[in-house]
Amino acid sequence: MVSVVLLLAGFAGTALGQTPGVDLPIRIGALLPAVPESGGAPFDFAVAEAARLAAGMAADEFGFNSEILGLDFALLTEHAADTEALLEAAGRLIDEEGVFALLGGFGTEQALALSALAEERQIPFLNIGASSDSLRNEACSRFTFHFAPSDAMYLDALVGWFVRAGFRRWFFVHEDDPERESQYRRTTWSIRNRHFGAREVGRIALAPGTSDFGRAINAARRNDAEVILLLLEPEAQLAFLEQYETAGLEAQVTGFPDLGAQTRAFFLASRDAALKAGSGFRSTAWEATLDAYGARELNARFLGSFGSPMEYSAWAVLQAVKVLFEAATFGGLLEGEEVVAYLESSTSVFDVYKGIGISFRPWDHQLRQSIYLVDIRPEAEGPRDAVLLVGELPAIYMPRTDPVERLDQIGDTERESKCRF
Amino acid sequence: MNRLPRSTCSAMTILALLLVGSLALAQDNYHVFISNEYGADISVLSGATNEIVGTITISGRPGDVRPRGMALSPDGKTVYVSISDFLPLRETLEDKVTAIDIATNEILTEIRAGGNPERVAVSPDGSRLWASLEAIAEGGAYDAVTGEELATFRIGIEPEGVAVSPDGRWVYLTAETTHTVAVIDAQELTTVKHFLVSNRPRVVVFSRDGSRAYVSGEIGGSVSVVDVSQHAVIGTAVMGLDSRPVGMALSPEGDHLYVAGGGTSAIYVIDTESLEVIKVIREQMGRRPWDVAVSPDGSTLYTSNGLSDSVSIIDTECLCVIDNISVGRGPHSIVIGVLPNAE
């Protein structure tokens, strides 16, 4: 069912009417995950609920902006439980509601489906929830733009931090499926090609759903690992940490930041599962305590409105709406091809509260952006103080260096990209 | 750090100050005021000696109370400071505009301005104050004498820059997140229009004749040039993606616009006719210049450097840094006031 979060009638013709070169209604479609019933997976709930709240905030803020600019704007949201329902909802948003762009893609399967639909219908799609490198390479599409950081960006950032901190002997624990295998291969590529001095000392591939990690822990011990990277589902990461803590190893443990593994609920669960090993470093695409670049005000607005810190999924929804809204207002564009051209132009710069004007990489449509490193606090009392923000990669304050080259230090470069539009 | 005790400050022989823009002045008889957002005070720098000659305490709770934007009254006797805290949404008694008597360093009045006032401007006749209320997406107009709130206006998300046109007719307020300027009719107290400018607009300044306004766009890396008769952007000075323009000041002749490059630790010099960047001053600059002011004779620039707790002094002839002076913690804004015996 379509939920019109906010629909503001146009104010054109009033004294305030002016400016943006778009006369048609600005309608954006958001395909968000269904919020699970209570008692379901806590991290899925955190992701979906934050996205839902952010959609309301986006409707309010951009409704306000539209009103003062004399524009007609609506953010139309759909919550779908599976891919079939998602595609049905997306089609309805395009055909019946006249949305000029879609955002969503919580998971590779949904992102792939929406990407294909966007290509078929020639409208832009902003992927805000799927990090899979395949979407940016073999399965890339000219109508798809990746707001979510890629696997490669997260992994390059993680490797960079740990290697610079002196952790050079890497051990991998990954689920035996193509996506985790791809993440493993990308990490070892990064170690070999970008971080000389570090090396892989071993890996173990486990069947998805494995709950006994004794073999993996023993292998890490035998190989004298300094850092263990878990390429596992969030729940499996917690199970590993619990068993690892008991085993008493000293190696650092971190995990791939799936959406669920970037939530406050996960950080606290990690600390609770393993006070020492589970209180280590994690990477995120957004941090609710980020206090610079206007993020202080953004985070405060979200916290003030909903009483909970802004999770990545909330930030992504809000900023994706912002980018599309600005394409319509600054660019005066609502036609698919024109919006795509605007988004991929090197002169189009967006402000997503990360302190630097950012753009999409022309070769794969990946949004350039920093990744944050947080340290889970053993003494945390709740979601608000769950982590300490300790790093940003790439660091954006490096005067007299090219900002685009700076941001392209993580992720696949044009030379490595397999995307062909 | 060159800071004098308060007792010394009180003994300062600052008599009164006159509005910079309205006078032909001797070169050295002015003082530079720098708001220190982390120190909760204002440093006073002598234009004659380039030495700190006083510190005005805003609050005894540095790190909690946050002075930022400043403006001088037309008669030069009063400096207005917008004061808030570091918690954007917390409504506290700190949200106010404080008027300080320059002669005595005493607080004359405190005007309630709820909603995290970030910057402040004064009407040319000195009767009204205007504040950007960052937390509530509004701008406020206040009677400068009684402190009465005259009106509030919806501005856009995260209002910041505020300026009154030289003829007192228009007030421009920027909205950082909405990327707009709101135009207020200062006499009617009504909103005339909103228009888009560069990405994340910070500060707005009017030209002396009031025909143009300049709006810095921090993330856009540019300055939007506005035709005030139409309230419309007629040009853009492009400074580059990572130039981070924030504070601005015009030379007395209006031919140069000096732009503080914030996180780039640079000052950009723009030719206002060609809108070309003619010089980028980087060497020996303090870190994160957030604001810039020009001496009355146009010979010297002063920048408030937020991350190095300093003021850089720039000779406009060579466009080079000639000195760096330690001030308070977290310099934010900077204004210049001229001593009356300079005439």
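## Chain B at a glance

In this predicted model, 59% of the 343 residues in chain B are buried. The chain's secondary structure comes to 28 strands and one helix.

As for how chain B folds back on itself, take the contacts between residues at least 6 apart in sequence: 48% of them join residues at least 24 apart.

## Where chain B meets chain A

Now for the interface. On the chain B side, 28 residues are in contact with 25 residues of chain A. Which element of chain B gives the most to that side? Strand β15, running over residues 190-196 of chain B, does, with six residues.

Sorted by class, the side of chain B that touches chain A has eleven polar, ten nonpolar and seven charged residues.

## Two helices crossing in chain A

Over in chain A, helix α5 (residues 151-164) and helix α6 (residues 178-194) have axes that come within 9 Å of each other and cross at roughly 45°. Angles from 65 to 115 degrees would count as roughly perpendicular and those under 35 as roughly parallel, so α5(A) ends up oblique to α6(A). As for handedness, α5(A) passes α6(A) in a right-handed crossing.

Who does the touching? From α5(A) come D151(A), A152(A), L155(A), D156(A) and V159(A). From α6(A) come S182(A), Q183(A), R186(A), T187(A), S190(A), I191(A) and R194(A). By class, this contact between α5(A) and α6(A) splits into four nonpolar, four polar and four charged residues.

## Helix α7 and its two faces

Helix α7 of chain A covers residues 214-222, and A216(A), I217(A) and A220(A) in this helix are buried. Why do the buried residues line one face of α7(A)? Looking down the axis of α7(A), they fall within an arc of 100°, so they sit along one face of the helix. There's a handy bit of helix geometry behind this kind of pattern: an α-helix has 3.6 residues a turn, so residues three or four places apart point the same way.

What lies over those buried residues of α7(A)? The cover includes strands β7 (169-175), β8 (199-206) and β9 (227-231), along with helix α8 (234-247), of chain A. Turned away from the buried side, the other face of α7(A) carries the exposed residues G214(A), R215(A) and R222(A). One backbone detail to look for: just after α7(A), D224(A) takes a positive phi of about 55°.

Notes:
Residues numbered from 1 in each chain as written. Chains lettered and ligands numbered in written order. Predicted model: local features only at pLDDT ≥ 70, side-chain atom pairs only at ≥ 80, totals over all residues. Axes fitted to C-alpha atoms, helices over the stretch in contact; angles between N-to-C directions. Helix = DSSP H or I, 4+ residues; strand = E, 2+ residues; numbered from the N terminus. Parallel < 35°, antiparallel > 145°, perpendicular 65-115°, else oblique. Left-handed = near helix turned anticlockwise from the far one by under 90°. Contact = placed C-beta atoms within 7 Å. Nonpolar A, V, L, I, M, F, W, Y, C, P; charged D, E, K, R; others polar. Buried ≥ 20, exposed ≤ 12 C-beta atoms within 10 Å, placed from the backbone. Arc of directions from axis to C-beta.
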